[in-house]
Amino acid sequence: MTSDRNTPHPETAELRAKIVALDTELAESFKTQFSGAPFLSRKVVSFQGNKGKPAYSWYKYKEAFSAGLVEYFLGSYVGQVSGKVLDPFAGIGTTLFAASSQGIPADGIELLPIGQEIIRARLLSERELTSNDIATLESWIKSLPWKEFSERLPFSTIPITENAYPPETVEAIERYRGALQQEDEKVQAILRLALLCVLESVSYTRKDGQYLRWDARSGKRRPGTKAFNKGEILAFDAAITAKLKEILSDIRDVQMPVTLFPVKQPMADIRLFEGSCLEVLPTLETVAYTAVMTSPPYCNRYDYTRTYALELAMLELTKAEVSHLRQEMLSCTVENREKDLLKICPQWKPFIEIANQQKLLQAINTYLQHEKDAGTLNNNGIPRMVRGYFLEMACVMGECARVLKPNARLLMVNDNVRYAGVSISVDMILSDIARSLGFEVEKIWVVPIKKGNSSQQMGTYGRVPLRKCVYVWRRR
Ligand SMILES: C[S@@+](CC[C@H](N)C(=O)[O-])C[C@H]1O[C@@H](n2cnc3c(N)ncnc32)[C@H](O)[C@@H]1O
């Protein structure tokens, strides 16, 4: 069978037409919930909104949303209601810290050790560092003790992180790691945090969604790609001292006695569960939370275990451990194998049935499988990823419905995606599944597209730009 994007095969055209018809029908059923959101911007729903914000900007986690968004949501929907907030995809803990600073306790689940490490170090910095610890850290900025330190502590690499740094940077990192062993645990944790925060900037790599891009100076190049220059590669000593200064200055601000700033709330408890939310959620208490605020991985093939490989290797994960994490992640890469969801939790059968009955999703699954069989997909893992994504999300959402109190809100940031020439309305499919799981869909806020961006995104095939939305669901 032949098919190109301009003149698709009749069967392809028919399957696509069915998707468009079902999409239009669903859009009609959500027409009162869809709403423009001039108060939201791409900046607020992304990490950019944390730029310059004390502590939130230490580690550049490109997949994070802003503390401002969490504060807005808590202010609008949660208010002074007593209770606890949950984020099953906690990342570097934006929801947790923003809720806690407003006096609302928060629980988070995060799979990747990089997010876990950032959350733990930040908690320690806010709650446990003494003035002596701070003085020790200040002495590191003044005297750069690693420079004269003779015992280097080598770090491990995995195949995708080999030769990621200039040789003088490797030496400096090893001396830094050696020297920090002399300090007590709390000081070590902050020094390690600073190291994780500068790795990308002192390396030949740049994080680029699906993979790490390599600067041509590394001598590595992905086959079929153009030579890439990431700009300045920072010298280690300058990068680490600047980062330590930033961290210390923020710690001093956060630790200011509450009495100096009477408006400031005391920080509420934060609890971090390390692991997959698919495993942890079924262990959480029923009707225990006042809100869920989250952003799952998008169904966009972004592979966090590759983009964050430098950090995972520095945290001493082996290649096998990184591959295992890739499989544990919510299915969002073409390498994800199917998960045995009923083995994880037999009670999820109704959630899986609900997803399997969602008509638009089923039409999309049929279409992608058809295109795979016809050999037209650029990667045959796409149908499995899309199927897995929605089934796993249905289980996560079903669990969220179980742990939320009546009338509690769930707020989710997510992006629509496009495969094989077809737009997938992730927002409407998940919201429709949510209705069957016991939620009322209150709003689907559409994040405005920057002016000038849309024609660029429309590309050669007259594509419409993909929606980025914030969904607000209320537990019935
Ligand atoms: C879009 S990011 C969330 C970022 C977060 N809102 C923040 O501001 O830092 C999605 C997160 O989900 C995590 N994740 C992916 N699969 C997971 C799973 N099965 N269980 C728990 N976390 C998972 C990823 O590691 C990533 O940190």
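A search of the whole structure, a predicted model, finds three cavities of 30 Å³ or more. A cavity is a set of points, on a 1 Å grid over the protein atoms alone, where a 1.4 Å probe fits but cannot get out. The largest cavity holds about 60 Å³ of space, volume being the space filled by probe spheres set on the points. Its lining residues, which have an atom within 4 Å of a point, are Asn-50, Ala-55, Tyr-56, Trp-58, Tyr-59, Ile-92, Gly-93, Thr-94, Ile-118 and Arg-122. Six of these are nonpolar, three polar and one charged; Tyr and Trp count as nonpolar and Gly as polar.

Local features need pLDDT of at least 70 and side-chain atom pairs pLDDT 80 or more, while totals for chains, interfaces and linings use all residues. Residues are numbered from 1 along each chain, and side-chain values use heavy atoms, without hydrogens and water.

Eight strands form an open, mixed sheet in the order β1-β11-β12-β8-β7-β2-β3-β6. Strands are DSSP E runs of at least two residues, and helices are H or I runs of at least four; two strands pair if DSSP finds at least two bridges between them. β1 (34–36) and β6 (270–274) stand at the edges with a single partner strand each, so one side of each lacks a neighbour in the sheet. The twist averages 20° from one strand to the next. Angles run from 0 to 180 degrees between N-to-C directions, with axes fitted to C-alpha atoms, for helices over the stretch in contact.

Strands β8 (404–415) and β12 (468–475) run antiparallel and are joined by seven bridges. Leu-410 has Trp-473 of β12 as its bridge partner. Helix α4 (113–127) packs on the sheet, touching β3 (106–110) and β6, and its direction makes about 155° with that of β6. Contact means heavy atoms within 4.5 Å. Helix α16 (382–403) lies across β2, β7, β8, β11 and β12, at about 150° to β8.

Definitions and conventions. On a 1 Å grid over the protein atoms alone, a cavity is a set of points where a 1.4 Å probe fits but cannot get out, and a pocket is an open set with protein on both sides within 12 Å along at least five of seven lines; lining residues have an atom within 4 Å of a point.
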